[in-house]
Amino acid sequence: MGETLADDDTTIAGLVAAADAALATGAASGGSESRREAEALVAAALQIGRATLLAHPERRVSDPQHARVRDWLVRRARGEPLAYLTGVREFWSLTFRVTPDVLVPRPETEDVVARALALGDELQARSGATPAVVDLGTGSGCIALAIAHERPAWRVTATDASPAALRVARGNAHSLELVHVEFVEGRWYAPLAGRRFDLIVSNPPYVAANDTALDDPALRHEPRMALTPEGDGYAALRHIIEDAPHYLRAGGCLVLEHGARQGSDVSRMLETRGFRHVRCAPDLAGRDRVTSAQWPPITAGLP
Ligand SMILES: C[S@@+](CC[C@H](N)C(=O)[O-])C[C@H]1O[C@@H](n2cnc3c(N)ncnc32)[C@H](O)[C@@H]1O
């Protein structure tokens, strides 16, 4: 793939066109996405914004910049996520730094943020109290920091078992100027003993160990512990649901992301555990990816 980039692609326009062609024929991208990705890749390699890239197609590219684009195209062809090459990813219109220590934030995870905000607003309207939120398995910090950005007064805590992931999340809190968010290291609820929250949110690992999706070249570059809890893929979801009542205030809510085919199982687990108002709303693509539920005793329905 990278080898197809000609040495005479010495302008921004030429380089973007060549990168587009290389990406369109590669396994890691292709289709209508390749142009957008080529622009993002070239802009990042040249350390300019997309607007500058589009405004100056005639600008000449230096040899080191050309070499960097070539290198990134080769790595992209091997499946390395674009975000690991550029070091950044947009999520909830915020820029997050990402490294191979964290999952690349996915667009569908924005539904977890939207649902958490709606439920937290409802709880706050009823109680008058500022919600306390915990994000379990925060990775880059994308869910916790998006919530903290939208509702600066809420008390937001984020946990992860990976010290390396927490370093990335703390760095993002710093660069997004959301330093009031608390980060704690440990497995699921372990570092939260004795605490209660109004909202527990999580996008835990949920891919089954034998799922062939894990062989995807893109996923092979992401931390395995971020993708799968091993076994049937439900261990983390089960644990989070089972223990949630010990960490939720009465009437508090749990918001979980899960696999597109796990919605009915997750709903059943929540109902069996005694949760009410279990709701699995399809995302824009019509897939069941986010389920929320409320811990009694509040009886009126939630949005
Ligand atoms: C699917 S990733 C989600 C990351 C981030 N919240 C997001 O949505 O992009 C799951 C996260 O859970 C963390 N994790 C895995 N096992 C864990 C455990 N036993 N306790 C706490 N965190 C865990 C991983 O390190 C990873 O950051």
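This is a predicted model: local features need pLDDT of at least 70, side-chain atom pairs count only at pLDDT 80 or more; totals for chains, interfaces and linings use all residues.
How are α1 and α4 oriented to each other? Residues are numbered from 1 along each chain as its sequence is written.The chain splits into domain 1 (2-78) and domain 2 (107-294), with bounds that come from an automatic or database domain assignment. Taken over C-alpha atoms, the centres of the two domains are 35 Å apart.

Next come the helices. Helices (H or I, at least four residues) and strands (E, at least two) are DSSP runs, numbered from the N terminus. Two packed helices are described by the angle between their axes and the distance between the axes. The axes here are lines fitted to C-alpha atoms, for helices over the stretch in contact, and angles run from 0 to 180 degrees between N-to-C directions. Helix α1 (residues 12-25) packs with helix α4 (residues 63-77) at an angle of about 15 degrees, and their axes are 11 Å apart. α1 and α4 are therefore roughly parallel to each other. In this scheme, angles under 35 degrees count as roughly parallel, over 145 as roughly antiparallel, 65 to 115 as roughly perpendicular and the rest as oblique.

Helix α2 (residues 33-46) also packs with α4: their axes come within 9 Å and cross at roughly 135 degrees. That makes α2 oblique to α4. As for α1 and α2, the angle is about 130 degrees and the axes are 8 Å apart, which makes α1 oblique to α2. A crossing is left-handed if the near helix is turned anticlockwise from the far one by less than a right angle, and right-handed if clockwise. The crossing is right-handed for α1 and α4, for α2 and α4, and for α1 and α2.

On to the strands, where two of them pair if DSSP finds at least two bridges between them. Strand β1 (residues 88-91) and strand β2 (residues 94-97) run antiparallel and are joined by four bridges. Valine 88 has arginine 97 in β2 as its bridge partner. Together β1 and β2 make a hairpin with two residues between them, and tryptophan 92 in the turn has a positive phi of about 55 degrees.

There is also an open sheet of seven strands, with mixed pairing and the order β5-β4-β3-β6-β7-β9-β8. Its edge strands, β5 (182-185) and β8 (276-282), each pair on one side only. On average, neighbouring strands of this sheet are turned by 15 degrees against each other, direction ignored. Within the sheet's order, β7 (residues 248-257) and β9 (residues 288-294) pair in the antiparallel sense over five bridges. Glutamate 257 stands opposite valine 290 in β9.

Finally, there is the ligand. Around the ligand are 22 residues, of which Gly137, Gly139, Ala161, Asn203 and Ala226 come nearest. The elements giving two or more residues to this shell are α7 (142-150), β4 (155-160) and α10 (224-227). A residue is near a molecule or strand if its C-beta atom, placed from the backbone, lies within 6 Å of it. By type, the shell has twelve nonpolar, eight polar and two charged residues. For this count, Ala, Val, Leu, Ile, Met, Phe, Trp, Tyr, Cys and Pro are nonpolar, Asp, Glu, Lys and Arg are charged, and the others, Gly among them, are polar.
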